[in-house]
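Here's a quick briefing for anyone meeting this structure for the first time. Take a look at it below, and then we'll walk through a few of its helices.

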Amino acid sequence: MSISYGLVRTTQLVYGSYCTINGCSKKRNSGHRYCNQHKYRLTYRGDANQQKIPVSTQNFAKNAVKLLIKDNQNNVSWHELMSAINERWSMSVAYVQGELDKYLSGKPSDKYRRRGLILTRDIFTNLGLENAFVIYCSWQYLQEWNPNMFVTDDAFKHQIVRSMRNQAKSFHTQSINKKTGKPSSYSSPLYMREREVVWEILTGIFGTTGMQLYKQIEKRAEKLRANKERIYAAIKRIE
Ligand SMILES: [Zn+2]
């Protein structure tokens with residue numbers, strides 16, 4: 001008991017009684033720097049100051065990338081890029097499975113690393129290369145288009161990995177409904193250390209897609225914007 005009292009007193013001395021986010025006057029959570037709301041944002045968005053990025057904005061970016069892919073079907077350099085990505089993808093699939101096999105045969109494991117590898121394997125299996133590529137590029141596109149959309153690098157990485165995880169339906173076992181076997185929540189937390197494992201592997205695969213791609217997406221998006229005023233209006237609101 002004396003140890004936990006000591007910790008509570010220490011955090012009290014360091015952080016005071018209120019959330020440490022500038023301008024927030026809510027009570028701090030016991031043992032944390034932040035109030036409930038900001039602690040939630042840290043776990044679910046990768047940074048306590050990160051605003052929610054609307055689904056309409058995410059879909060807009062995904063559609064732009066999909067149209068770009070369609071447009072480039074006759075482009076030789078596009079197919080060269082995709083074959084390089086394909087090769088790195090296959091190598092990563094083998095690497096992740098190899099690492100997981102080591103854990104299965106009794107290698108001591110760090111739970112966040114293991115969880116990160118499981119998440120990556122689920123992305124490989126349930127999402128597939130093209131879906132993962134579209135999601136990855138769509139977030140990169142949003143970042144280039146409006147760098148203020150993400151308050152930190154961590155927040156940016158978090159959005160990419162979480163959005164792939166949700167689509168791959170890869171959740172912690174405690175987020176699975178025991179009766180139905182379905183995930184009880186799409187908002188189950190993503191921990192930074194598991195995220196880092198996924199991030200490192202994904203950038204190894206897609207990291208070199210490069211700026212040229214976005215110039216082309218930008219052109220495509222201009223057309224989209226002209227055609228879809230409604231979506232544009234939704235995006236305007238978060239600028
Ligand atoms: Zn707060």
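Let's start with helix H7, which covers residues 192-206: its 15 residues, at 1.5 Å each, should span 21 Å, and the C-alpha atoms at its ends sit 20 Å apart, so the two agree. Keep in mind that this is a predicted model.

**The overall picture**
- Take the contacts between residues at least 6 apart in sequence: 66% of them join residues at least 24 apart.

**Back to H7**
- The buried residues in H7 are Glu194, Arg195, Val197, Val198, Trp199, Ile201, Leu202 and Ile205.
- Their cover includes helix H4 (76-104), helix H5 (111-145) and helix H6 (153-168).
- In an α-helix there are 3.6 residues a turn, so residues three or four places apart point the same way.

**How H4 and H5 pack**
- The axes of H4 and H5 come within 9 Å of each other and cross at roughly 155 degrees.
- With an angle over 145 degrees, H4 counts as roughly antiparallel to H5.
- The crossing of H4 with H5 is left-handed.
- On the H4 side, the residues that meet H5 include Ile85, Trp89, Val93 and Leu100, and among their counterparts in H5 are Leu117, Phe124, Leu129 and Phe133.
- Sorted by type, the residues of this H4 and H5 contact come to ten nonpolar, three polar and three charged.

Terms used: Residues numbered from 1 in each chain as written. Predicted model: local features only at pLDDT ≥ 70, side-chain atom pairs only at ≥ 80, totals over all residues. Contact = placed C-beta atoms within 7 Å. Helix = DSSP H or I, 4+ residues; strand = E, 2+ residues; numbered from the N terminus. Expected span 1.5 Å × (residues − 1). Buried ≥ 20, exposed ≤ 12 C-beta atoms within 10 Å, placed from the backbone. Axes fitted to C-alpha atoms, helices over the stretch in contact; angles between N-to-C directions. Parallel < 35°, antiparallel > 145°, perpendicular 65-115°, else oblique. Left-handed = near helix turned anticlockwise from the far one by under 90°. Nonpolar A, V, L, I, M, F, W, Y, C, P; charged D, E, K, R; others polar.
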